[in-house]
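Please examine the model shown below.

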Amino acid sequence: MLSKRIIPQLLCRGRKLIKGKQFQSWRSVGVAAQAVRIFQQRQVDELMLLDIGATPEGRGPDLGLIEELTKVCFMPLTVGGGIKCLDDAKAVLRAGADKVAIGAAGVCVIRDIADAFGNQAVVGIMDYKEGGGHQWIAKELQKSGAGEILLQCIDREGMMDGYDVETIERIARSVDIPVIAAGGCGTYDHMLEAIKAGADAVAAGSMFQFTDSTPRGAAQFLQQHNVEVRMP
């Protein structure tokens with residue numbers, strides 16, 4: 001059995017670390033580089049850095065920031081935001097990222113990246129609102145070559161009242177690639193619920209930013225509940 005992964009998720013706009021609720025009301029909560037150094041010290045499984053300002057602002061990834069972060073970040077790093085073509089993805093991977101994250105609208109780009117670097121190098125982002133099946137989007141991401149899916153519920157993002165377990169279960173059953181649950185995590189119990197629903201990994205942002213919860217504490221809790229995890 002493969003270990004379940006615990007992935008701190010950092011949202012940034014440029015070099016500023018930001019947080020919001022339901023993809024709105026963004027506010028600065030620090031600096032991305034400092035957060036990465038903290039999670040490196042905590043020896044987390046993976047780290048996900050999403051620049052939510054890149055695409056709306058019409059710019060590409062901040063390659064300088066990625067190079068800076070990967071000098072101190074020795075765990076796998078997924079980077080998303082502003083990646084519009086294969087050349088963007090190549091630049092991000094050359095800068096030191098291990099994977100790139102692409103939204104569902106970019107299935108052609110996902111296919112190009114998977115052909116060039118392999119499925120393991122690309123994460124398909126599925127941002128969605130609660131309600132409806134959404135399975136066809138997940139299947140399209142898998143078909144296009146995504147090696148895993150970041151399943152991110154917009155309605156629950158930043159709310160810390162639990163993942164959308166029903167959708168996690170439906171999507172996990174409909175695809176053959178790993179599913180990363182995101183949006184709504186506030187407690188270790190929420191992580192356990194998502195994993196029981198079929199998630200292969202659990203991403204959390206606000207919980208690690210605004211509570212005393214830690215990746216190690218999450219791993220210990222899950223291990224106590226018979227979930228195979230890597231202990232940091």
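**Cavities and a helix**

In this predicted model, the largest cavity is lined by Q9, K19, Q152, E157, G158, G183, G184, C185, A203, A204, G205 and S206. By class, this lining comprises 3 nonpolar, 7 polar and 2 charged residues. The volume of the largest cavity is about 100 Å³. In total, the structure holds 3 cavities of 30 Å³ or more. Rolling a probe the size of a water molecule over the atoms shows where such empty space is left.

The second largest cavity has a volume of about 60 Å³. Its lining is formed by C12, L49, D51, P61, D62, L65, I66, V79, G80 and G81. Of these residues, 6 are nonpolar, 2 polar and 2 charged. At least two lining residues come from each of β4 (47–51), α2 (63–70) and β5 (77–80).

Attention now passes to a helix. Which residues of helix α6 are buried? In α6, which spans residues 165–174, they are T167, I168 and I171. These residues lie on the same side of α6 because they cover an arc of only 105° around the axis. The face turned away from this buried side carries the exposed residues E166 and R173. The buried residues of α6 pack against β7 (122–128), α5 (135–144), β8 (148–153), β9 (179–182) and α7 (188–196).

T167 illustrates this packing in detail. T167 has a relative accessibility of 1% and therefore counts as buried, the cut-off being under 20%. When its neighbours within four places in sequence are left aside, T167 is in contact with Y128, H134 and L151.

Notes. Residues numbered from 1 in each chain as written. Predicted model: local features only at pLDDT ≥ 70, side-chain atom pairs only at ≥ 80, totals over all residues. Heavy atoms only, no water. Buried < 20%, exposed > 50% of the residue type's maximum accessible area, 1.4 Å probe, protein only. Helix = DSSP H or I, 4+ residues; strand = E, 2+ residues; numbered from the N terminus. Arc of directions from axis to C-beta. Contact = heavy atoms within 4.5 Å. 1 Å grid on protein atoms, 1.4 Å probe; cavity = no way out; pocket = protein on both sides within 12 Å on 5 of 7 lines; lining within 4 Å. Points joined across faces, edges and corners; volume = space filled by probe spheres on them. Nonpolar A, V, L, I, M, F, W, Y, C, P; charged D, E, K, R; others polar.
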